[in-house]
Each structure stands twice: as C-alpha cells, then as structure tokens.
Amino acid sequence: MIEISARVNALPGYPLAEIPSLKRKLLEAGTDVIDLGAGDNDTPPPSIAVAAMTEALSDPAYSKYGFQQGLPAFREAASQWVERRFGKRFDPATEILPLIGSKDGLAHLPFAVVNPGDVTIVPEPGYQAYLGGSLLAGAEPYIAPLLREHDFLLELDRIPETVLRRAKLAFLNYPNNPTAAVASAEYLERTVAVCRRHGILLAYDNAYCDLTYDGYRAPSVFEIAGATDVALEFFSLSKSFSMTGWRLGFVVGRADLISALTQVKSYVDTGPFLAVQKAGAAVLDRAEEVVAPIREELKRRRDAAVTALRRAGFTLESPKAAMYVWVALPAGIPSAAFARRALEETGALVLPGSAFGPAGEGYFRIALTVGSDRLQEAAARLGAVLEATRRGELATTA
Ligand SMILES: Cc1ncc(COP(=O)(O)O)c(C=O)c1O
C-alpha cells in the first residue's frame with residue numbers, strides 16, 4: 001500500500017482545481033457559461049511578446065536549458081523596470097531571479113527560509129499558494145484573517161507576540177487578491193517595522209501593481225526605508241500583460257535570500273523557457289505602453305460590473321486596483337451554495353469567498369475577465385439568484 005504524505009493530506013482542496021471540468025460539462029450541456037472564476041483576462045497577449053517569442057523559436061539557442069540564470073536580457077529588463085517604476089536599483093545578476101510565474105517563487109520560498117515547525121503568517125482570504133507552500137515545507141501556517149473593519153489589511157502587530165516570535169515568514173499581497181484592498185506607505189512602514197523587530201521575512205506579492213485605477217499608484221515595499229533587510233518582492237507578467245499561460249515572473253531582493261531560493265529551484269526546475277524570457281524582456285522594456293490599454297479596459301469593466309452589481313441588489317465598493325470585485329452576500333447566505341446555484345442554474349461562474357479559506361465566507365469574487373456586456377449579463381444573473389435566494393428558494397446551509 002503506497003501512502004500519501006501527511007503534508008499532501010494536510011492540503012485543502014485547491015479552489016480552482018475543479019472548475020475546468022465543471023465548466024466543460026456545462027458547456028457540453030449547452031449552458032451559456034460566463035466564466036468570472038480564475039484571474040485570467042480574455043485580452044490577448046501583447047503583440048511584441050508574440051513577435052519576440054516567434055523569433056526566439058527559430059533560434060535553437062533559445063531551446064536550451066535556461067537554468068536559474070536564465071536570459072541575462074530578462075534579468076536586465078526586470079532590473080530596469082523596477083528602477084523606472086519604483087526608483088530602486090537591484091543588481092540583475094544577484095538580486096533578481098526569473099520565476100516560472102510568481103506562484104513558483106511564492107510557493108517555493110518556505111523551503112528556502114523556514115524550518116519544520118516554524119510559523120508562516122498567511123492572510124485569509126488569500127492566494128492559496130502561500131498556504132500550500134507553507135504546508136509542503138512543513139511550516140505551521142498562522143492564518144491571519146483579513147477583515148473589512150481593518151480594510152482587509154493584515155496587521156502584524158495584532159498577532160500574538162508568542163506567534164510573532166516563532167514566525168519566520170509573512171506573506172502579504174496588495175493590491176489584494178481577492179479583496180482588491182490596497183496598501184498605503186504608512187501601512188507598509190508599520191508592517192516592515194514589525195518584521196524588522198521580529199526577524200520575519202516579508203514576502204511581498206505585488207502581482208497586481210500595475211492594475212490600478214482612479215489615480216491610485218501601488219507602492220513597492222522597497223520604497224520603505226529598511227525594507228531590503230527583511231523583504232523580497234514578487235512580480236508577475238501574467239496580469240499586467242495578459243500573459244498568464246506564458247508562466248513568467250521574477251523576485252527581487254537581497255542577494256543572500258535570492259541565492260537561497262535559487263538553490264531550492266535548482267533542484268526542482270530549470271527556469272522559465274528562454275524564449276518566454278526573451279518575450280518578457282521585450283514587454284518589460286515597453287511595459288508602460290503595453291499595460292496602458294489593458295488597464296483602461298479593466299477600468300471600463302470594473303465600472304460596468306460595479307454599476308450592474310449594485311443595480312442587481314448587491315452592496316459593494318468600487319475597487320481601486322487589481323482585477324477583482326469582492327462582493328458581500330447578505331447574512332445567512334453561504335457563499336459556496338450561492339456560487340454553485342449561480343453556476344448550475346444561470347451559467348455565471350464566480351468563486352465563493354469560502355474557496356479562499358473560512359475567513360472569506362460571506363463574499364464572492366468576480367474576476368473582470370470578460371467584456372462589459374458579459375459582465376452586465378453576469379451581474380443580472382447573479383442578481384436573479386440573490387432574489388430567488390432571498391425569497392427562500394435556497395436552503396441556507398452549504
Ligand atoms: C495574489 C497573486 N499572486 C500571485 C499569483 C500568481 O501569478 P503567476 O504565477 O501567474 O505569476 C496570482 C495569480 O492569480 C495571484 O492572484
């Protein structure tokens with residue numbers, strides 16, 4: 001009898017794992033599915049990425065192992081982008097590491113900096129790779145609920161001192177998935193101060209830094225004095241540039257920490273495909289111009305979704321950043337039951353807040369992955385489900 005490891009058994013079901021097969025079944029049955037599940041825009045990848053990739057594919061040098069060093073031009077482009085965007089210079093050779101999507105780095109980081117039994121601080125609701133990476137590395141995740149009354153900010157100094165003393169790593173993500181909350185410089189300052197006081201590494205996940213609206217600008221944690229001592233920052237090309245499937249991101253920070261993560265990854269992968277890195281370099285070199293139309297389209301979608309959801313009877317705030325709308329459900333309606341009914345009866349695919357952990361209960365998330373018309377249609381369907389549920393047509397048990 002082959003046993004599955006306790007670590008794997010400790011993993012909760014991955015929230016998006018079931019969705020593709022469920023969706024396929026509904027499509028086969030002729031349902032008009034509006035998929036607002038995964039944060040995966042329907043906008044095409046940038047043409048400069050496609051051109052650079054196409055060129056690289058006919059050069060055999062790009063078909064070789066990239067190893068962790070990868071393509072020097074990608075490291076250089078990443079370093080220059082960080083400097084242009086945040087005013088901080090990081091050495092491309094030692095303070096940047098290409099990742100197979102930022103998920104790769106986030107999930108593998110605990111292996112580099114945490115010993116079995118150490119605590120990692122994991123926000124909930126949150127991106128599930130933080131929890132999975134922590135559990136697989138044998139860490140003890142401390143689940144920090146993100147609460148509306150604290151603007152969905154993870155306040156480290158509210159965590160018991162006994163936990164902070166055992167904590168080695170804290171994950172933080174603003175602009176936030178799924179709540180779309182944003183962090184101010186003052187918030188980052190007090191967070192960095194707690195990390196410095198307790199020797200906690202801050203893994204700052206800035207995957208949505210360029211998807212911001214209404215004049216809001218997302219900071220880098222490295223804009224805070226002293227952050228380089230205690231933080232690594234993760235960036236992704238997935239969301240800003242509609243390149244989710246290309247699997248490319250990078251992490252920036254102190255050379256010894258980057259080197260530890262490089263060692264871990266040397267044993268589990270051989271780096272992103274070099275042709276993808278060439279495309280990534282081309283995009284980063286022209287990032288501002290490439291992201292602008294994607295950001296504008298997402299803003300249009302956000303406005304359409306927020307207006308339509310309010311009209312449909314939901315109460316929600318208009319997000320300043322990221323590509324999600326986090327919608328509160330009336331008390332007593334379990335999010336999983338609501339999302340299941342929305343999908344099965346109307347074809348509107350949204351993620352229940354409970355998929356992001358129990359602290360996400362009471363909400364559902366829509367991703368702004370389709371055009372305004374379809375978002376409006378989805379909002380109307382969700383409103384109809386809300387109405388029917390309120391009339392008591394849904395048992396209020398999950
Ligand atoms: C908060 C957050 N971080 C990281 C990622 C991973 O992005 P990727 O691995 O595509 O770079 C995602 C993807 O949804 C995310 O929502």
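At what angle do helix 5 and helix 6 pack, and how far apart are their axes? They pack at an angle of about 35°, with axes 6 Å apart. This is a predicted model: local features need pLDDT of at least 70, side-chain atom pairs count only at pLDDT 80 or more, and totals for chains, interfaces and linings use all residues. Residues are numbered from 1 along each chain as its sequence is written.

**Helix packing**

Helices (H or I, at least four residues) and strands (E, at least two) are DSSP runs, numbered from the N terminus. Axes are lines fitted to C-alpha atoms, for helices over the stretch in contact; angles run from 0 to 180 degrees between N-to-C directions.

| Helix pair | Angle | Axis separation |
|---|---|---|
| Helix 5 and helix 6 (residues 129–136) | about 35° | 6 Å |
| Helix 5 (residues 102–113) and helix 10 (residues 255–268) | about 110° | 8 Å |

The angle with helix 10 makes helix 5 roughly perpendicular to it (65 to 115 degrees).

On helix 5, the contact uses Lys103, Leu106, Ala107, His108, Leu109 and Pro110. On helix 6, it uses Ala129, Tyr130, Gly132, Gly133 and Ser134. These residues divide into six nonpolar, four polar and one charged.

**Domains**

The chain is divided into domain 1 (6–44 + 291–391) and domain 2 (47–288). The bounds come from an automatic or database domain assignment. The domain centres, taken over C-alpha atoms, are 25 Å apart. The contact takes 31 residues from domain 1 and 33 residues from domain 2. On the domain 1 side, helix 1 (6–10), helix 12 (287–311) and strand 9 (324–328) each give two or more residues. Helix 12 gives the most, with seven residues. That side holds 18 nonpolar, six polar and seven charged residues.

**Ligand shell**

Around the ligand are 13 residues (C-beta atom, placed from the backbone, within 6 Å). Gly101, Ser102, Lys103, Ser236 and Ser238 come nearest. The shell has two nonpolar, nine polar and two charged residues.

Definitions and conventions
Parallel < 35°, antiparallel > 145°, perpendicular 65-115°, else oblique. Contact = placed C-beta atoms within 7 Å. Nonpolar A, V, L, I, M, F, W, Y, C, P; charged D, E, K, R; others polar.
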